[in-house]
Amino acid sequence: MKRIWRKRGRWLPVLSAVWLLLPSSAAAETVTVMTSFPAGFYEPVREAFEQAHPDRRLRVINAKTTAAITQLQDRVEDVDLFWASAPDAFEVLKAAGLLAPVAARPTGAPATVGNQPIDDPDGTYLGFALSGYGLVWDQSYLDRHGIAAPRSWEDLRKPAYVRHLGITAPSRSGTMHLMVETVLQLHGWERGWAMWLEIAGNIATVTARSYGVVEGVGKGRFGIGLAIDFLGQGAGQEASDGVGLRFAYPADSVFLPASVAVLRSAPNPAGAGVFIDFLLSPAGQALMLRPDIGRLPVRPDAYAAAPAGYPNPYARETGDDLFLFDRALSSRRYELVNLLFDELITFRVKTLNRVWQLIHEGENRLAVTPDPVARDLLRMARAAATAVPVDAAEAIDPAFSAALRRPARGMRVSARQEELAAEWRSFSTAQLDAALSAAERALVILRVAAGEGGWP
């Protein structure tokens, strides 16, 4: 090898021309992606992408889905791609005119799975994996408490699960937002909220992020959690007794695509296209099957290499193939649902626990000792506890939700949003107080009728 003279009298080898031509990380072209996915998912993808394309570096900005939407709307960062699970989040960005057209790639995937489109029909985002939403639990915990594993969203309303359930708030998690919105669409606005408000009576805690739900089940803080499948089925998740956690799709579950989109303001749209090509290639799709990733590829041919028992949404019946998740509707009321959930549930968990404990106890006693006055009081209590301050017509009115938006950090919300939040807060307090009063009166009647005491 040739040598060259350097100052201070030292000889250095002359590097080969091939080595000199290799790009350094400083010279590599940067592709910037904003994602809500955890590092355990995006780091293996980044490593594989950079190995396949050594002339490019993938820069990842990690943010919760709700925060990412705000940052992209406010152009806080120069971003090429948005990469997340929630299709309604992409619809919010599309409605704001922030997504560029993107061409479909030849993956062999059908147009739909369980009646749900895999790619955006308007051509602004592409599905790269499929996501199911369901229930994760610690079987030993359930055995200790003598309760069965739930099999549907409806099951979570049962009084047997009181303070055994962990969730995160939809305002903090795009995954949880999808679960909330799916129930609202499956059952209708009023009945859907009634379900969530009764489920809320069984909540032990509301975690800060989606990952905290699975961690909480694993550490025995509560027995059941609501989670996306790749977190619930993730390798290495252990229950408090050292046995792996269990995960199941509810009977009325649907599969929705996790997607990727190019921002209209992308500084490197060509690099963004290269990343999408990689993500949807056979090599990129094979990554989804890694035990530390555990996603469901959109390429049907990828499942040939899947281990035995691996979920395959193309070979599984979904809960309702006639149900079509309305992404546009979800995007229009995205912040409305998040804000309502916080005011009605997230900030009211302890009160909801008490209200539903009394209602359920009263209904159980009523089944043994019928009493018309107690029956009417319990009906009043249930009606008050499941009331929602926004009706179905307002919920689908874009003008009603126009003033609702998550503000950037340090910024105030609009005066209209503050006004609505105060109204909802007052409504919730009044309704829960009325429910408590009616349920307590009913229980007094039923306890006296059962010979358990006299009138107070």
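Where does Y161 lie? In this predicted model, in which residues are numbered from 1 along each chain as its sequence is written, local features need pLDDT of at least 70, side-chain atom pairs count only at pLDDT 80 or more, and totals for chains, interfaces and linings use all residues. Side-chain values use heavy atoms, with hydrogens and water left out. Y161 is placed in the loop between α5 (139-145) and β9 (165-168), where helices (H or I, at least four residues) and strands (E, at least two) are DSSP runs numbered from the N terminus. Because its relative accessibility is 5%, Y161 counts as buried, a term that denotes under 20% relative accessible area, with exposed meaning over 50% and partly exposed the range in between (1.4 Å probe, protein chains only). When residues up to four places away in sequence are not counted, Y161 touches I147, A148, A149, P150, D155, L156, N202 and I224, contact being defined as heavy atoms within 4.5 Å. One of these residues, P150, is 11 residues from Y161 in sequence, and the two C-alpha atoms are 9.0 Å apart in space.

The protein contains 18 helices and 14 strands, and 53% of its 456 residues are buried. Among contacts between residues at least 6 apart in sequence, 74% join residues at least 24 apart. The accessible surface, calculated by the Shrake-Rupley method with a 1.4 Å probe and, for residues, with only the protein chains shown as cover, comes to about 20000 Å², of which 54% belongs to carbon and sulfur atoms.

Several strand pairings involve β3 (residues 29-35), a pair being assigned if DSSP finds at least two bridges between two strands. Strand β3 runs parallel to β4 (residues 56-62) and is joined to it by 7 bridges, with T32 standing opposite R59 in β4. Between β3 and β4 the chain passes through helix α2 (residues 39-52), and this β-α-β crossover is right-handed; that is, with the strands pointing away from the viewer, the path from the first strand over the helix to the second runs clockwise. Strand β3 is also joined by 3 bridges to β5, again in parallel, and V33 stands opposite L81 in β5. Strand β5 (residues 81-84) is covered on both faces, with L81 and W83 buried on one side and F82 and A84 buried on the other. In a regular strand the side chains alternate between the two faces of the sheet. A further 4 bridges join β5 to the antiparallel strand β13 (residues 255-262), where A261 is the bridge partner of F82.

Helix α8 (residues 210-218) is mostly covered, with 7 of its 9 residues buried, namely S210, G212, V213, V214, G216, V217 and G218. The elements that cover these residues include β8 (126-137), β9, α6 (174-187), β10 (203-207), β11 (224-228) and α9 (229-232). Just after α8, G220 adopts a positive phi of about 80°.

The average pLDDT, the predictor's confidence in each residue on a scale from 0 to 100, is 88 for the protein, and 88% of the residues score at least 70. Over residues 1-25, however, pLDDT stays under 50, and the model has 20 contacts beyond four places in sequence for this segment. Where pLDDT is low, the predicted coordinates should not be read in detail.
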